[in-house]
Amino acid sequence: MSQFLQYAVSGLSIGALYSLVALGLVLIYRSTRILNFGHGDIATVGTFFAFTLLSHNYSWQMAFPPALILGAVLAMIFYFVILIPAQRRNATQLGQIILTVGLSLILQGLVAYFWGTEPQSFPFPLSDTKTWKVYKDVVISELSLGALAIGLVGSLILFFLVQKTRLGLAMRAVSENLPAAQTLGIPTRRVLSLSWGLAAFLGVLAGIFLAPALLLDPFFMLEPFLKGFAAAVLGGLNSLPGAIAGGLILGVAESLAGGYVTVAFKNTLAFIVIIVVLLIRPEGLLGKEFIERV
Amino acid sequence: MDLIESYKEELRLVRRFWTGFWIISLLIALIFLPWYGKEHWVYILTLIFIFSIGVQGQNLLIGYTGQISFGQAGFLALGAFTFGHLARFGAPVLVSLLCAGLVAAVFGLLVGFPSLRLKGPYLAIATLGFGIAVYQVFVNSELLSGGRMGLTVQKLPALFGLSQVNTYYYFNLLLAALFTLASYNLISSFVGRAFIAIRDNDISAEAMGVNLTTYKLLAFAVSSFYTGIQGGLYALLLGYLEPNMFTFLETISLFVAVIVGGLASVEGSILGAAFVILVPHVFSDAKQLVPVVYGIAIILILIFEPLGLSGRWLKIRLYFRMWPFR
């Protein structure tokens with residue numbers, strides 16, 4: 001029993017980070033119908049920037065905010081400089097998705113060029129060896145606790161932002177019906193660019209907390225990004241609560257599968273989840289969108 | 001761009017004398033290349049031939065049928081490892097090559113089933129999941145991947161008194177030519193027309209009597225057959241296989257080749273294959289910059305020239321036909 005709880009606890013903490021990644025993807029998907037394949041790479045750039053600042057002996061309070069802002073600015077630049085011109089030239093939805101693949105390739109190459117492909121360890125204020133007892137012999141490390149906390153706090157802040165502020169109202173209006181929002185005088189481009197920025201912000205936040213557990217190399221976000229993808233699909237690609245639930249469920253399921261079945265196929269689970277969910281219930285657990293049947 | 005007056009004329013692959021002339025001279029130049037070209041260039045061209053087969057398959061799926069697939073690396077791996085294992089049991093090269101294509105095609109059918117229900121971005125995710133799942137299965141299963149040391153494949157012996165590089169060159173030239181011919185014939189047949197109808201509007205295609213289930217699955221099967229053959233040829237060329245050759249990056253380079261070469265164009269596929277082989281070659285000093293070049297190429301092409309290199313080629317030809325008037 002305590003072994004089960006132990007797996008569940010560590011699954012929850014990694015799941016919270018998957019939720020953050022998934023939230024960023026869902027935020028963009030529901031407002032623009034674009035799957036952002038560059039999400040993981042923007043997070044990588046932000047994390048590497050934080051790494052550089054940290055290795056120049058800046059404290060983490062000085063290093064993390066600029067990294068988060070860098071990620072957000074990158075995403076907004078991509079929106080204004082590449083996506084809007086493409087939309088002016090009537091790019092198809094698929095074309096816009098391919099543009100994000102292009103962004104992902106460019107960022108990946110630049111990170112490998114400037115920071116090298118050698119795996120590096122990420123100095124982090126929270127340690128993963130210091131542990132606390134949760135219940136009997138179930139323990140949680142400081143790092144996992146931090147990840148769980150940041151995942152939940154990030155999700156809560158996003159919830160309030162989207163549900164309780166004027167900006168959130170505008171974001172919901174834009175994702176509901178773009179032409180109507182434009183007619184009502186909502187500056188849709190500014191709102192959408194903020195959505196992109198916010199999504200990248202969440203991505204970098206997840207990246208910073210994932211980096212200490214994984215080793216930092218230009219491809220370290222690929223796997224969490226795909227897991228975030230699976231989580232988003234599981235919860236429903238246009239549902240923000242779904243992304244959180246999907247991330248947590250995926251994290252726990254993965255940790256249990258790794259513990260009880262086999263460690264080797266732990267990572268394959270996410271993709272099996274994707275395929276099964278898409279076949280059985282394409283709109284996801286909490287999604288409401290009517291999927292066009294072919 | 002030409003006025004077509006009869007159905008027979010539409011079915012003809014080479015419509016004008018000069019087109020035929022240039023194709024034949026290109027073929028002759030390629031056949032005699034080993035006599036005057038450097039061995040290095042012969043090898044690069046061999047790679048382009050192999051790659052162009054897979055890119056054509058991908059283009060049949062993305063460009064002609066309009067179904068996106070991010071799982072090509074999976075089919076590539078399936079084809080390559082099928083070929084590798086069969087070759088180890090001593091099966092003849094052509095038989096194992098055919099089996100490589102067929103195994104990939106069967107999995108293509110399996111992956112095609114979601115395509116009956118999913119569209120656009122959802123299909124992209126499902127196929128992406130497939131590609132990475134295949135990679136991870138191969139990474140984690142030593143039985144399939146041939147153990148830690150990888151799988152060694154018997155190389156092609158030097159035939160007819162040619163050097164080994166040249167044997168590979170002619171073998172792959174022949175296969176690439178056959179597959180190119182097959183793609184041209186496929187797209188001008190009723191099957192190709194059905195694919196194009198599905199791409200342009202699947203509901204009206206169904207109303208016109210195109211069986212969506214059959215043709216979508218067929219598109220997936222044909223596309224993955226091509227990719228499986230590419231995998232087999234790749235295994236034969238390298239003589240060595242390990243799962244790390246078939247990461248997501250491989251999917252991306254096939255994808256980049258289709259976009260850069262031009263959607264729905266067989267000539268474009270060959271140009272695209274040349275692009276993704278030549279770019280890493282030119283940037284061999286700064287390998288990390290290769291993805292950057294790919295990414296910039298994708299973005300520029302999608303914004304400024306959605307038809308890719310073949311679209312640009314068509315425009316240049318039109319311009320010179322009217323030259324100096326426009």
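This is a predicted model: local features need pLDDT of at least 70, side-chain atom pairs count only at pLDDT 80 or more; totals for chains, interfaces and linings use all residues.

Me: What makes the size of chain B agree with a compact globule?

Reply: For 326 residues, a compact globule would have a radius of gyration near 20 Å, and chain B has 20 Å, so the two agree. Along its principal axes, the C-alpha trace of chain B spans about 60 × 55 × 40 Å.

Me: How many of the residues of chain B count as buried?

Reply: That's 48% of the 326. To count, a residue needs 20 or more other C-beta atoms within 10 Å of its own.

Me: Why are α4(A) and α14(B) called roughly antiparallel?

Reply: Look at helix α4 (residues 93–115) of chain A and helix α14 (residues 290–304) of chain B: their axes cross at roughly 155° and come within 7 Å. Angles over 145 degrees count as roughly antiparallel, so that's the label for α4(A) and α14(B). Their crossing is left-handed.

Me: Which residues make that contact?

Reply: On α4(A) they include G95(A), I98(A), L99(A) and I106(A), while on α14(B) they include P291(B), Y294(B), G295(B) and L302(B).

Me: How do the residues of the contact divide into nonpolar, polar and charged?

Reply: There are 15 nonpolar and 5 polar, with no charged ones, where α4(A) meets α14(B). Gly is among those counted as polar, so G95(A) and G295(B), both in the contact, go in that group.

Technical notes
Residues are numbered from 1 along each chain as its sequence is written. Chains are lettered from A and ligands numbered from 1 in the order in which they are written. Axes are lines fitted to C-alpha atoms, for helices over the stretch in contact, and angles run from 0 to 180 degrees between N-to-C directions. Helices (H or I, at least four residues) and strands (E, at least two) are DSSP runs, numbered from the N terminus. Angles under 35 degrees count as roughly parallel, over 145 as roughly antiparallel, 65 to 115 as roughly perpendicular and the rest as oblique. A crossing is left-handed if the near helix is turned anticlockwise from the far one by less than a right angle, and right-handed if clockwise. Two residues are in contact if their C-beta atoms, placed from the backbone, lie within 7 Å. The radius of gyration is taken over C-alpha atoms; the globule rule is 2.2 Å times the number of residues to the power 0.38. A residue is buried if 20 or more other C-beta atoms lie within 10 Å of its own, exposed if 12 or fewer, and partly exposed in between; C-beta atoms are placed from the backbone.
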